[in-house]
Amino acid sequence: MTVSAGPARPGRALRAPEATRSNALPAGAWWLWALGLATAASRTSNPLLLGLLVGVAGYVVAARRTDAPWARSYGAFIRIGLFVVGVRLLFSVFLGSPIPGTHPVFTLPEVPLPDWAQGVRIGGRVTAEQLLFALYDGAKLATLLICIGAANSLANPARLLKSLPGALYEAGVAVVVAMTFAPNMVADVVRLRTARRLRGRPAGGIKAVLQIGLPVLEGALERSVAVAASMDARGYGRTAQVPRAVRHTTNVLTLGGLLGVCAGTYGLLASQGAVYGLPLLFAGLVAAMAGLRLGGARSVRTRYRPDRWGARAWLVAGSGAVVAVAMIWAGSADTKALHPGVVPLTAPVFPLWPAAAVLIGLLPAVVAPAPPVVAVANSEESQ
């Protein structure tokens with residue numbers, strides 16, 4: 001029995017469409033969104049705001065990731081972030097910290113060091129202030145890694161390669177291969193562990209890890225060889241003949257533009273360089289873009305179905321930029337709220353309007369095309 005679809009409801013027209021090859025978001029939009037969240041995380045050490053950033057990134061990943069191999073790497077980045085926090089705490093416990101403290105937690109045996117190693121200690125008294133400072137510091141780095149992991153889970157690396165300028169195409173291929181290695185390795189580990197469980201073999205323990213490691217490395221090597229062979233078959237690496245004057249002009253514009261960007265950025269960050277910082281930054285960006293444009297003339301490549309930046313892509317990228325700008329502004333307006341002190345011990349406050357700005361990062365979960373839902377027949381329909 002077939003049920004005819006009724007008239008479309010008004011609310012359905014406001015929902016995001018189902019993602020297809022034609023309307024999928026460009027990978028650059030996801031990376032700009034994730035880098036905006038990462039920039040916001042780098043401007044604060046408040047654990048409440050860092051936890052909110054992780055929650056925003058996790059919700060968007062859960063709502064918009066697909067079943068592709070690279071989409072399964074988000075959990076691995078979360079575990080890496082927790083590992084970073086643990087390592088930071090261990091270093092603070094065993095190697096000490098310059099943070100003064102008046103609330104000792106425990107005392108470790110201290111190893112005597114020679115006079116030339118003054119300022120360095122191994123062991124000794126561990127205070128609550130230094131542990132809290134290490135926890136804040138490790139949480140900031142972990143949040144950065146998790147935001148980058150969100151981009152890896154949502155963006156197709158092959159689609160990101162299409163958006164690169166021709167002058168950066170060779171370097172972009174190396175970066176794409178490096179970014180796809182970790183997600184593919186995680187997918188291989190999950191696949192091999194599932195196969196071991198189906199065969200009745202243990203999937204945990206040191207012995208299982210050693211037995212899984214060799215097939216994983218072998219599969220990574222086979223993929224690398226296959227990628228190299230396919231690139232060679234497509235004529236990758238060919239360069240066009242360009243005049244020497246064009247090459248020299250390209251090098252001058254690119255290097256001069258990068259120097260201008262560095263000097264302009266330093267001027268904006270310094271307290272006395274705000275006058276010349278913005279003009280230098282703008283001139284450096286223009287020169288660098290002109291150099292990349294000229295450098296792309298050497299690269300002979302074709303582009304198949306280039307990504308189009310529609311309104312949804314700009315909204316996704318803009319939401320990350322708004323979060324970053326708002327957090328930078330909040331850092332100059334209310335430093336204490338974004339960087340809670342540890343001496344003396346005080347509970348971190350929850351700043352309302354920076355938190356509201358972070359919630360703007362949830363916009364991709366609403367406007368980005370939704371991944372296709374695989375319909376699974378239930379037991380009643382099968383009967």
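Me: How many aromatic pairs does the count come to?
Reply: Keep in mind that this is a predicted model. A pair of aromatic rings is described by the distance of the centres and the angle of the planes. Here, rings pair if their centres lie within 6.5 Å. By this rule the count comes to 3.

Me: Take Trp30 and Trp33: stacked or edge-to-face?
Reply: The centres of the Trp30 and Trp33 rings are 5.9 Å apart, with 80° between the planes. Planes over 60 degrees apart count as edge-to-face. So the Trp30 and Trp33 pair is edge-to-face.

Me: Why are Trp30 and Trp33 separated by about one helical turn?
Reply: Both of these Trp residues are buried. Trp30 and Trp33 sit in helix H2 (residues 27-42), and the reason for the separation of about one helical turn is that they are 3 residues apart there.

Me: What is the angle between the ring planes of Trp329 and Trp353?
Reply: The ring centres of Trp329 and Trp353 lie 6.0 Å apart. This pair is edge-to-face, because its planes stand at 70°.

Me: Which helices hold Trp329 and Trp353?
Reply: The pair ties together parts that are 24 residues apart in sequence. That is because Trp329 lies in helix H11 and Trp353 in helix H13 (residues 352-358).

Me: Which residues does Ser319 touch, not counting residues up to four places away in sequence?
Reply: One of them is Trp33, which also forms an aromatic pair with Trp30. With sequence neighbours up to four places away left out, Ser319 touches Trp33, Ile360, Leu363 and Pro364.

Me: Which side chains meet in a salt bridge?
Reply: Side chains of opposite charge can pair when their charged atoms come close. The structure holds 1 salt bridge. At 3.2 Å, N to O, the side chains that meet are those of Asp137 and Arg88.

Me: How many residues apart are Asp137 and Arg88?
Reply: Asp137 belongs to helix H5 (residues 128-154), and Arg88 to helix H4 (residues 74-95). Asp137 counts as partly exposed at 34% relative accessibility, and Arg88 counts as partly exposed at 25%. The pair links distant parts of the chain, and the separation is 49 residues.

Methods. Residues numbered from 1 in each chain as written. Heavy atoms only, no water. Contact = heavy atoms within 4.5 Å. Salt bridge = Lys/Arg side-chain N within 4 Å of Asp/Glu carboxyl O. Helix = DSSP H or I, 4+ residues; strand = E, 2+ residues; numbered from the N terminus. Buried < 20%, exposed > 50% of the residue type's maximum accessible area, 1.4 Å probe, protein only. Phe/Tyr/Trp six-rings, centres within 6.5 Å; stacked < 30°, edge-to-face > 60°.
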